[in-house]
Amino acid sequence: MSIIQLTDVTLSAAANGKQHTLTFKETIEIAKKLDGLNISAIMLPQINGSKTEALLVRTIAGVLKNSATALTVGMTKASIDEAWKAISLARKPQLTVSLPISAVQMEYICHIKPAKMPEKIKELVSYAASLCPNVNFTAEDATRASFDYLVQTVTTALEAGATSITICDTAGTSLPDEMAHIVTALREQIPTLKNKTLTVRCMNTLGLSAACAIAAVKAGASGIEVACQGDAASSVESILAIIANRGDSMHISSATPVTELHRTVDQIRNILREQHATVAPVIARGGSEGVYFDRNDSADTIAKAVRQLGYDLSDEDNQKVYDSFARAASSKKIGTKELEAIVAAVALQVPPTYKLINFVITNGSQFGATATIITEKNGTEQTGLAKGDGPIDAAFLAIEQIVGSRYELDDFQVQSVTEGKEAMGTALIRLRAGGKLYSGTGVSTDIISASLYAYLAAINKIAYEEKI
(Lines give C-alpha, C1' and ligand atoms only; values in the text may rest on other atoms or scores of the structure.)
Protein backbone atom coordinates (compact mmCIF):
# COMPACT_ATOMS: atom_id res chain seq x y z
CA MET A 1 0.00 0.00 0.00
CA SER A 2 1.54 3.32 -1.11
CA ILE A 3 0.80 6.53 0.78
CA ILE A 4 0.05 9.34 -1.66
CA GLN A 5 1.80 12.62 -0.79
CA LEU A 6 -0.59 15.58 -0.95
CA THR A 7 0.77 19.10 -1.44
CA ASP A 8 -1.82 21.81 -0.79
CA VAL A 9 -1.52 24.96 -2.92
CA THR A 10 -4.54 26.87 -1.55
CA LEU A 11 -2.49 29.72 -0.06
CA SER A 12 -0.12 30.16 -3.00
CA ALA A 13 -3.01 30.03 -5.49
CA ALA A 14 -4.97 32.63 -3.51
CA ALA A 15 -1.97 34.98 -3.50
CA ASN A 16 -1.06 34.45 -7.15
CA GLY A 17 -4.62 34.77 -8.40
CA LYS A 18 -5.22 38.04 -6.49
CA GLN A 19 -8.82 37.00 -5.96
CA HIS A 20 -8.25 36.85 -2.22
CA THR A 21 -6.46 39.36 -0.02
CA LEU A 22 -5.90 37.36 3.14
CA THR A 23 -4.75 39.02 6.32
CA PHE A 24 -1.75 37.82 8.33
CA LYS A 25 -4.10 36.15 10.82
CA GLU A 26 -6.23 34.45 8.14
CA THR A 27 -3.20 33.05 6.32
CA ILE A 28 -1.80 31.55 9.51
CA GLU A 29 -5.22 30.16 10.45
CA ILE A 30 -5.54 28.39 7.09
CA ALA A 31 -2.01 26.98 7.38
CA LYS A 32 -2.79 25.60 10.86
CA LYS A 33 -5.98 23.95 9.64
CA LEU A 34 -4.14 22.30 6.73
CA ASP A 35 -1.42 21.15 9.11
CA GLY A 36 -4.10 19.57 11.28
CA LEU A 37 -5.18 17.50 8.26
CA ASN A 38 -1.65 16.06 8.10
CA ILE A 39 -1.19 17.36 4.54
CA SER A 40 2.28 16.29 3.33
CA ALA A 41 3.36 19.82 2.32
CA ILE A 42 1.79 23.29 2.33
CA MET A 43 2.90 25.56 -0.50
CA LEU A 44 3.22 29.17 0.67
CA PRO A 45 3.13 32.32 -1.49
CA GLN A 46 6.51 33.29 -2.93
CA ILE A 47 8.41 36.06 -1.17
CA ASN A 48 8.98 39.03 -3.48
CA GLY A 49 11.45 41.06 -1.48
CA SER A 50 8.88 42.08 1.13
CA LYS A 51 9.73 42.02 4.83
CA THR A 52 6.07 41.43 5.56
CA GLU A 53 5.92 38.36 3.34
CA ALA A 54 9.16 37.03 4.84
CA LEU A 55 7.81 37.47 8.38
CA LEU A 56 4.58 35.70 7.45
CA VAL A 57 6.49 32.72 6.03
CA ARG A 58 8.79 32.55 9.07
CA THR A 59 5.79 32.62 11.38
CA ILE A 60 4.03 29.80 9.51
CA ALA A 61 7.27 27.80 9.37
CA GLY A 62 7.40 27.94 13.16
CA VAL A 63 3.76 26.90 13.51
CA LEU A 64 3.58 23.82 11.26
CA LYS A 65 4.00 20.59 13.20
CA ASN A 66 3.07 17.90 10.67
CA SER A 67 3.33 19.35 7.16
CA ALA A 68 6.43 20.38 5.28
CA THR A 69 6.82 24.14 4.74
CA ALA A 70 7.16 24.47 0.97
CA LEU A 71 8.20 27.75 -0.62
CA THR A 72 8.74 28.62 -4.27
CA VAL A 73 11.95 30.53 -5.00
CA GLY A 74 12.55 33.12 -7.68
CA MET A 75 14.98 32.98 -10.60
CA THR A 76 18.07 34.23 -8.78
CA LYS A 77 20.38 32.94 -6.07
CA ALA A 78 19.41 35.96 -3.97
CA SER A 79 15.77 34.87 -4.05
CA ILE A 80 16.83 31.39 -2.92
CA ASP A 81 18.78 32.91 -0.03
CA GLU A 82 15.72 34.96 0.93
CA ALA A 83 13.43 31.91 0.79
CA TRP A 84 15.81 29.72 2.75
CA LYS A 85 16.24 32.34 5.47
CA ALA A 86 12.47 32.37 5.91
CA ILE A 87 11.96 28.58 6.21
CA SER A 88 15.33 27.35 7.49
CA LEU A 89 13.98 26.81 11.02
CA ALA A 90 10.92 24.87 9.85
CA ARG A 91 10.62 21.28 11.02
CA LYS A 92 10.36 20.14 7.40
CA PRO A 93 11.60 22.83 4.98
CA GLN A 94 11.24 22.50 1.21
CA LEU A 95 12.49 24.86 -1.51
CA THR A 96 10.72 24.67 -4.87
CA VAL A 97 12.33 25.75 -8.12
CA SER A 98 9.41 26.32 -10.49
CA LEU A 99 10.13 27.07 -14.14
CA PRO A 100 8.10 26.78 -17.37
CA ILE A 101 9.43 24.32 -19.92
CA SER A 102 7.08 24.92 -22.85
CA ALA A 103 8.67 27.12 -25.51
CA VAL A 104 5.94 29.76 -25.42
CA GLN A 105 6.01 30.21 -21.63
CA MET A 106 9.81 30.12 -21.40
CA GLU A 107 10.15 33.12 -23.67
CA TYR A 108 7.05 34.97 -22.45
CA ILE A 109 7.57 34.55 -18.69
CA CYS A 110 11.32 34.03 -18.31
CA HIS A 111 12.68 35.51 -21.54
CA ILE A 112 14.87 32.41 -21.85
CA LYS A 113 15.40 30.33 -24.99
CA PRO A 114 14.87 26.55 -24.70
CA ALA A 115 18.59 25.88 -25.17
CA LYS A 116 19.41 27.96 -22.06
CA MET A 117 16.72 26.63 -19.70
CA PRO A 118 18.58 23.43 -18.62
CA GLU A 119 21.51 25.63 -17.61
CA LYS A 120 19.20 27.83 -15.50
CA ILE A 121 17.57 24.75 -13.91
CA LYS A 122 20.98 23.34 -12.98
CA GLU A 123 22.11 26.66 -11.48
CA LEU A 124 19.03 27.19 -9.32
CA VAL A 125 18.43 23.59 -8.23
CA SER A 126 22.06 22.95 -7.31
CA TYR A 127 22.25 26.14 -5.27
CA ALA A 128 18.97 25.37 -3.50
CA ALA A 129 20.20 21.84 -2.78
CA SER A 130 23.35 23.27 -1.18
CA LEU A 131 21.12 24.96 1.41
CA CYS A 132 18.07 22.74 1.85
CA PRO A 133 17.91 18.92 2.05
CA ASN A 134 14.50 18.86 0.32
CA VAL A 135 14.36 20.53 -3.10
CA ASN A 136 11.48 20.20 -5.53
CA PHE A 137 11.71 20.99 -9.23
CA THR A 138 8.35 21.94 -10.73
CA ALA A 139 8.06 21.72 -14.52
CA GLU A 140 5.37 24.27 -15.35
CA ASP A 141 3.33 23.72 -18.53
CA ALA A 142 5.00 20.33 -18.90
CA THR A 143 2.18 18.79 -20.93
CA ARG A 144 2.67 21.33 -23.74
CA ALA A 145 6.42 20.78 -23.98
CA SER A 146 7.99 18.18 -26.23
CA PHE A 147 8.48 14.93 -24.33
CA ASP A 148 12.20 14.74 -25.11
CA TYR A 149 12.67 18.23 -23.68
CA LEU A 150 10.67 17.29 -20.59
CA VAL A 151 12.97 14.31 -20.05
CA GLN A 152 16.03 16.56 -20.49
CA THR A 153 14.88 19.16 -17.96
CA VAL A 154 13.75 16.63 -15.36
CA THR A 155 17.03 14.71 -15.70
CA THR A 156 18.98 17.95 -15.31
CA ALA A 157 17.06 18.81 -12.14
CA LEU A 158 17.63 15.36 -10.62
CA GLU A 159 21.34 15.44 -11.39
CA ALA A 160 21.55 18.91 -9.81
CA GLY A 161 20.10 17.61 -6.54
CA ALA A 162 16.31 17.75 -6.77
CA THR A 163 14.70 15.29 -4.36
CA SER A 164 11.22 15.50 -5.92
CA ILE A 165 9.68 16.42 -9.26
CA THR A 166 6.30 17.99 -10.05
CA ILE A 167 4.78 17.77 -13.52
CA CYS A 168 2.14 20.40 -14.29
CA ASP A 169 -0.74 20.38 -16.71
CA THR A 170 -0.87 24.17 -16.46
CA ALA A 171 -3.36 24.56 -19.29
CA GLY A 172 -5.63 21.94 -17.76
CA THR A 173 -6.49 20.43 -21.14
CA SER A 174 -4.92 16.97 -20.79
CA LEU A 175 -7.05 13.83 -20.63
CA PRO A 176 -6.51 11.11 -18.01
CA ASP A 177 -4.87 8.67 -20.43
CA GLU A 178 -2.49 11.40 -21.61
CA MET A 179 -1.35 12.18 -18.05
CA ALA A 180 -0.89 8.48 -17.38
CA HIS A 181 1.20 8.12 -20.54
CA ILE A 182 3.51 11.00 -19.55
CA VAL A 183 4.12 9.50 -16.10
CA THR A 184 4.71 6.01 -17.46
CA ALA A 185 7.11 7.27 -20.14
CA LEU A 186 9.05 9.45 -17.68
CA ARG A 187 9.57 6.56 -15.30
CA GLU A 188 10.77 4.41 -18.18
CA GLN A 189 13.13 7.05 -19.58
CA ILE A 190 14.52 8.23 -16.20
CA PRO A 191 15.29 5.24 -13.92
CA THR A 192 16.33 7.49 -11.00
CA LEU A 193 12.74 8.74 -10.72
CA LYS A 194 11.86 5.44 -9.02
CA ASN A 195 13.57 6.67 -5.88
CA LYS A 196 12.03 10.16 -5.97
CA THR A 197 8.61 11.61 -5.30
CA LEU A 198 6.88 12.32 -8.62
CA THR A 199 3.95 14.69 -8.12
CA VAL A 200 1.36 15.91 -10.62
CA ARG A 201 -0.61 19.16 -10.67
CA CYS A 202 -3.69 19.11 -12.88
CA MET A 203 -5.66 22.27 -13.48
CA ASN A 204 -9.43 21.80 -13.60
CA THR A 205 -10.14 23.63 -16.87
CA LEU A 206 -12.08 20.67 -18.29
CA GLY A 207 -13.39 19.41 -14.96
CA LEU A 208 -11.10 16.38 -15.21
CA SER A 209 -8.31 17.29 -12.78
CA ALA A 210 -9.15 14.57 -10.24
CA ALA A 211 -9.47 11.92 -12.95
CA CYS A 212 -6.14 13.00 -14.50
CA ALA A 213 -4.38 12.97 -11.14
CA ILE A 214 -5.65 9.50 -10.22
CA ALA A 215 -4.70 8.18 -13.67
CA ALA A 216 -1.19 9.56 -13.09
CA VAL A 217 -1.04 7.83 -9.69
CA LYS A 218 -2.09 4.51 -11.23
CA ALA A 219 0.74 4.99 -13.73
CA GLY A 220 3.31 5.48 -10.96
CA ALA A 221 3.07 9.05 -9.63
CA SER A 222 3.41 9.23 -5.87
CA GLY A 223 2.10 12.75 -5.16
CA ILE A 224 -0.79 15.06 -6.08
CA GLU A 225 -1.09 18.83 -5.69
CA VAL A 226 -4.50 19.72 -4.26
CA ALA A 227 -6.45 22.83 -3.25
CA CYS A 228 -9.43 23.55 -1.02
CA GLN A 229 -10.98 25.95 -3.52
CA GLY A 230 -10.57 27.02 -7.13
CA ASP A 231 -9.21 25.36 -10.25
CA ALA A 232 -5.48 25.77 -9.54
CA ALA A 233 -5.18 22.08 -8.65
CA SER A 234 -7.32 19.01 -7.98
CA SER A 235 -9.95 19.36 -5.26
CA VAL A 236 -8.62 17.84 -2.05
CA GLU A 237 -12.10 16.52 -1.28
CA SER A 238 -12.42 14.83 -4.67
CA ILE A 239 -9.00 13.20 -4.43
CA LEU A 240 -9.55 11.90 -0.90
CA ALA A 241 -13.05 10.67 -1.77
CA ILE A 242 -11.56 8.57 -4.58
CA ILE A 243 -8.80 7.24 -2.32
CA ALA A 244 -11.30 6.44 0.45
CA ASN A 245 -13.62 4.53 -1.88
CA ARG A 246 -11.20 2.94 -4.35
CA GLY A 247 -7.82 3.15 -2.66
CA ASP A 248 -7.71 -0.52 -1.72
CA SER A 249 -8.17 -1.62 -5.32
CA MET A 250 -5.35 0.73 -6.41
CA HIS A 251 -3.17 -0.12 -3.38
CA ILE A 252 -2.95 3.52 -2.32
CA SER A 253 -3.89 5.42 0.84
CA SER A 254 -3.52 8.85 2.39
CA ALA A 255 -2.38 10.15 5.79
CA THR A 256 -5.19 12.73 5.84
CA PRO A 257 -8.12 11.81 8.13
CA VAL A 258 -11.27 11.85 5.99
CA THR A 259 -13.48 12.30 9.07
CA GLU A 260 -12.00 15.77 9.68
CA LEU A 261 -11.70 16.75 6.04
CA HIS A 262 -15.09 18.25 5.14
CA ARG A 263 -15.42 20.32 8.30
CA THR A 264 -11.91 21.74 7.95
CA VAL A 265 -12.24 22.47 4.24
CA ASP A 266 -15.57 24.22 4.87
CA GLN A 267 -13.87 26.37 7.52
CA ILE A 268 -11.09 27.29 5.07
CA ARG A 269 -13.59 28.12 2.34
CA ASN A 270 -15.51 30.33 4.74
CA ILE A 271 -12.31 32.26 5.46
CA LEU A 272 -11.68 32.68 1.73
CA ARG A 273 -15.26 33.81 1.13
CA GLU A 274 -15.71 36.03 4.14
CA GLN A 275 -12.46 37.97 4.02
CA HIS A 276 -14.11 40.30 1.48
CA ALA A 277 -17.25 40.55 3.61
CA THR A 278 -15.63 41.88 6.79
CA VAL A 279 -17.50 45.12 6.14
CA ALA A 280 -21.01 45.35 4.74
CA PRO A 281 -20.60 47.48 1.62
CA VAL A 282 -21.58 51.09 2.06
CA ILE A 283 -20.53 52.09 -1.45
CA ALA A 284 -19.23 49.18 -3.53
CA ARG A 285 -17.12 50.81 -6.19
CA GLY A 286 -14.41 48.23 -6.56
CA GLY A 287 -16.39 45.17 -7.58
CA SER A 288 -14.29 42.15 -6.64
CA GLU A 289 -11.62 44.50 -5.32
CA GLY A 290 -13.81 45.40 -2.33
CA VAL A 291 -15.25 48.61 -0.91
CA TYR A 292 -13.65 51.97 -1.72
CA PHE A 293 -14.31 55.55 -0.68
CA ASP A 294 -13.24 58.80 -2.28
CA ARG A 295 -13.26 62.55 -1.64
CA ASN A 296 -16.94 62.77 -2.61
CA ASP A 297 -18.02 60.68 0.39
CA SER A 298 -19.55 62.54 3.31
CA ALA A 299 -18.65 62.42 6.98
CA ASP A 300 -21.86 60.44 7.65
CA THR A 301 -20.87 57.82 5.07
CA ILE A 302 -17.42 57.39 6.60
CA ALA A 303 -18.87 57.24 10.13
CA LYS A 304 -21.27 54.51 8.98
CA ALA A 305 -18.40 52.55 7.43
CA VAL A 306 -16.40 52.85 10.64
CA ARG A 307 -19.35 51.47 12.62
CA GLN A 308 -19.60 48.56 10.20
CA LEU A 309 -15.93 47.87 10.80
CA GLY A 310 -16.90 47.35 14.43
CA TYR A 311 -15.81 50.60 16.08
CA ASP A 312 -18.03 52.68 18.36
CA LEU A 313 -16.45 56.14 18.21
CA SER A 314 -17.44 59.42 19.76
CA ASP A 315 -18.49 62.33 17.55
CA GLU A 316 -15.10 63.91 18.19
CA ASP A 317 -13.19 60.80 17.07
CA ASN A 318 -15.46 60.37 14.04
CA GLN A 319 -14.56 63.91 13.01
CA LYS A 320 -10.84 63.18 13.47
CA VAL A 321 -11.19 60.07 11.29
CA TYR A 322 -13.05 61.99 8.60
CA ASP A 323 -10.50 64.82 8.57
CA SER A 324 -7.65 62.35 8.17
CA PHE A 325 -9.62 60.42 5.54
CA ALA A 326 -10.33 63.61 3.57
CA ARG A 327 -6.62 64.45 3.40
CA ALA A 328 -5.73 60.95 2.19
CA ALA A 329 -8.67 60.78 -0.25
CA SER A 330 -7.71 64.02 -1.97
CA SER A 331 -5.34 62.11 -4.23
CA LYS A 332 -6.62 58.50 -4.27
CA LYS A 333 -9.42 56.14 -3.35
CA ILE A 334 -9.35 54.68 0.15
CA GLY A 335 -10.05 50.99 0.80
CA THR A 336 -11.53 49.57 3.99
CA LYS A 337 -8.15 48.40 5.27
CA GLU A 338 -6.72 51.92 4.81
CA LEU A 339 -9.76 53.36 6.54
CA GLU A 340 -9.20 51.01 9.46
CA ALA A 341 -5.56 52.10 9.65
CA ILE A 342 -6.77 55.71 9.88
CA VAL A 343 -9.08 54.75 12.76
CA ALA A 344 -6.20 53.05 14.56
CA ALA A 345 -3.93 56.05 14.03
CA VAL A 346 -6.17 58.98 15.00
CA ALA A 347 -9.12 57.72 17.06
CA LEU A 348 -9.17 56.98 20.78
CA GLN A 349 -5.68 58.37 21.32
CA VAL A 350 -4.78 57.97 25.00
CA PRO A 351 -1.75 58.50 27.27
CA PRO A 352 0.45 55.37 27.13
CA THR A 353 -0.04 53.22 30.24
CA TYR A 354 2.53 50.69 29.01
CA LYS A 355 5.73 51.70 27.21
CA LEU A 356 7.97 49.24 25.37
CA ILE A 357 11.50 49.36 26.83
CA ASN A 358 13.20 46.34 25.30
CA PHE A 359 12.54 42.87 23.92
CA VAL A 360 14.46 39.69 23.05
CA ILE A 361 12.90 37.02 20.85
CA THR A 362 14.45 33.65 19.94
CA ASN A 363 13.08 31.10 17.51
CA GLY A 364 14.23 27.57 16.74
CA SER A 365 12.95 24.41 15.05
CA GLN A 366 13.45 22.25 18.16
CA PHE A 367 12.53 24.62 20.98
CA GLY A 368 9.94 26.89 19.36
CA ALA A 369 9.78 30.64 19.90
CA THR A 370 10.44 32.44 23.20
CA ALA A 371 9.92 36.13 23.90
CA THR A 372 11.13 38.32 26.74
CA ILE A 373 9.34 41.69 26.81
CA ILE A 374 10.20 44.59 29.13
CA THR A 375 7.69 47.42 29.52
CA GLU A 376 7.34 50.35 31.86
CA LYS A 377 4.20 51.34 33.78
CA ASN A 378 4.15 54.33 36.09
CA GLY A 379 7.96 54.37 36.16
CA THR A 380 8.25 50.68 37.09
CA GLU A 381 9.70 48.11 34.71
CA GLN A 382 7.75 44.90 34.17
CA THR A 383 8.99 41.76 32.43
CA GLY A 384 7.02 39.09 30.61
CA LEU A 385 8.41 35.76 29.41
CA ALA A 386 6.42 33.39 27.21
CA LYS A 387 6.68 30.64 24.60
CA GLY A 388 4.44 30.53 21.56
CA ASP A 389 3.81 29.31 18.04
CA GLY A 390 6.27 31.64 16.33
CA PRO A 391 7.93 34.89 17.43
CA ILE A 392 4.82 37.09 17.12
CA ASP A 393 2.62 34.75 19.13
CA ALA A 394 5.29 34.45 21.87
CA ALA A 395 5.67 38.25 22.05
CA PHE A 396 1.93 38.85 22.35
CA LEU A 397 1.65 36.20 25.08
CA ALA A 398 4.50 37.89 26.99
CA ILE A 399 2.67 41.23 26.84
CA GLU A 400 -0.54 39.60 28.07
CA GLN A 401 1.47 38.14 30.96
CA ILE A 402 2.57 41.65 31.91
CA VAL A 403 -0.92 43.11 31.63
CA GLY A 404 -2.51 40.19 33.45
CA SER A 405 -5.35 39.79 30.95
CA ARG A 406 -5.90 37.98 27.70
CA TYR A 407 -7.78 39.62 24.87
CA GLU A 408 -9.23 38.23 21.66
CA LEU A 409 -7.05 39.04 18.65
CA ASP A 410 -9.66 40.08 16.10
CA ASP A 411 -7.25 40.99 13.29
CA PHE A 412 -3.55 41.38 12.63
CA GLN A 413 -2.17 42.95 9.46
CA VAL A 414 1.38 43.81 8.47
CA GLN A 415 2.68 45.44 5.30
CA SER A 416 5.63 47.36 3.90
CA VAL A 417 5.05 51.05 3.38
CA THR A 418 8.36 51.91 1.71
CA GLU A 419 10.73 50.03 -0.59
CA GLY A 420 14.32 48.85 -0.21
CA LYS A 421 16.39 47.05 2.43
CA GLU A 422 15.54 49.66 5.06
CA ALA A 423 11.84 49.58 4.24
CA MET A 424 9.44 50.79 6.88
CA GLY A 425 6.75 48.33 7.88
CA THR A 426 3.41 49.03 9.51
CA ALA A 427 1.32 46.74 11.68
CA LEU A 428 -2.36 47.02 12.54
CA ILE A 429 -3.81 45.19 15.55
CA ARG A 430 -7.46 44.83 16.53
CA LEU A 431 -8.24 43.50 20.01
CA ARG A 432 -11.70 42.77 21.34
CA ALA A 433 -12.47 43.49 25.01
CA GLY A 434 -15.87 43.77 26.66
CA GLY A 435 -17.59 43.47 23.29
CA LYS A 436 -15.71 46.48 21.84
CA LEU A 437 -12.88 46.71 19.32
CA TYR A 438 -9.65 48.53 20.10
CA SER A 439 -7.06 49.08 17.39
CA GLY A 440 -3.44 50.12 17.39
CA THR A 441 -0.78 50.77 14.78
CA GLY A 442 3.00 50.56 14.87
CA VAL A 443 5.66 51.58 12.37
CA SER A 444 9.28 50.39 12.30
CA THR A 445 11.97 49.05 9.97
CA ASP A 446 11.57 45.85 11.99
CA ILE A 447 8.18 44.19 11.47
CA ILE A 448 8.29 42.52 14.90
CA SER A 449 8.90 45.90 16.56
CA ALA A 450 6.04 47.41 14.57
CA SER A 451 3.79 44.57 15.73
CA LEU A 452 4.74 45.10 19.38
CA TYR A 453 4.11 48.85 19.16
CA ALA A 454 0.71 48.19 17.55
CA TYR A 455 -0.25 45.61 20.19
CA LEU A 456 0.71 47.92 23.04
CA ALA A 457 -1.17 50.82 21.41
CA ALA A 458 -4.34 48.72 21.44
CA ILE A 459 -3.64 47.54 25.01
CA ASN A 460 -3.18 51.15 26.14
CA LYS A 461 -6.61 52.09 24.81
CA ILE A 462 -8.16 49.20 26.75
CA ALA A 463 -6.20 50.13 29.87
CA TYR A 464 -7.36 53.75 29.61
CA GLU A 465 -11.03 52.84 29.39
CA GLU A 466 -10.95 49.99 31.92
CA LYS A 467 -8.62 51.84 34.32
CA ILE A 468 -6.16 48.93 34.56
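Predicted model: local features only at pLDDT ≥ 70, side-chain atom pairs only at ≥ 80, totals over all residues.
Residues are numbered from 1 along each chain as its sequence is written, and side-chain values use heavy atoms, with hydrogens and water left out.

**Overall build**

The protein chain has 16 helices and 19 strands; these are DSSP runs numbered from the N terminus, with at least four residues (H or I) for a helix and at least two (E) for a strand. Its C-alpha trace spans about 75 × 50 × 45 Å along the principal axes. Of the 468 residues, 51% are buried, meaning under 20% relative accessible area; exposed is over 50%, and partly exposed falls in between (1.4 Å probe, protein chains only). Take contacts (heavy atoms within 4.5 Å) between residues at least 6 apart in sequence: 66% of them join residues at least 24 apart.

**Charges and salt bridges**

A search of the whole structure turns up eleven salt bridges, each being a side-chain nitrogen of Lys or Arg within 4 Å of a carboxyl oxygen of Asp or Glu. Here are some of them:

| Pair | N to O distance |
|---|---|
| Asp 141 and Arg 144 | 2.9 Å |
| Arg 269 and Glu 237 | 2.7 Å |
| Glu 316 and Lys 320 | 3.8 Å |

Asp 141 counts as buried because its relative accessibility is 0%. Next, the salt bridge between Arg 269 and Glu 237: Arg 269 sits in helix H11 (residues 258-274) and Glu 237 in helix H10 (residues 236-250), so the pair ties together parts that are 32 residues apart in sequence. Glu 237 counts as buried too, at 15% relative accessibility.

Glu 316 and Lys 320 share helix H13 (residues 315-329), where they are four residues apart, about one turn of the helix. Glu 316 counts as exposed, at 55% relative accessibility, whereas Lys 320, at 34%, counts as partly exposed.
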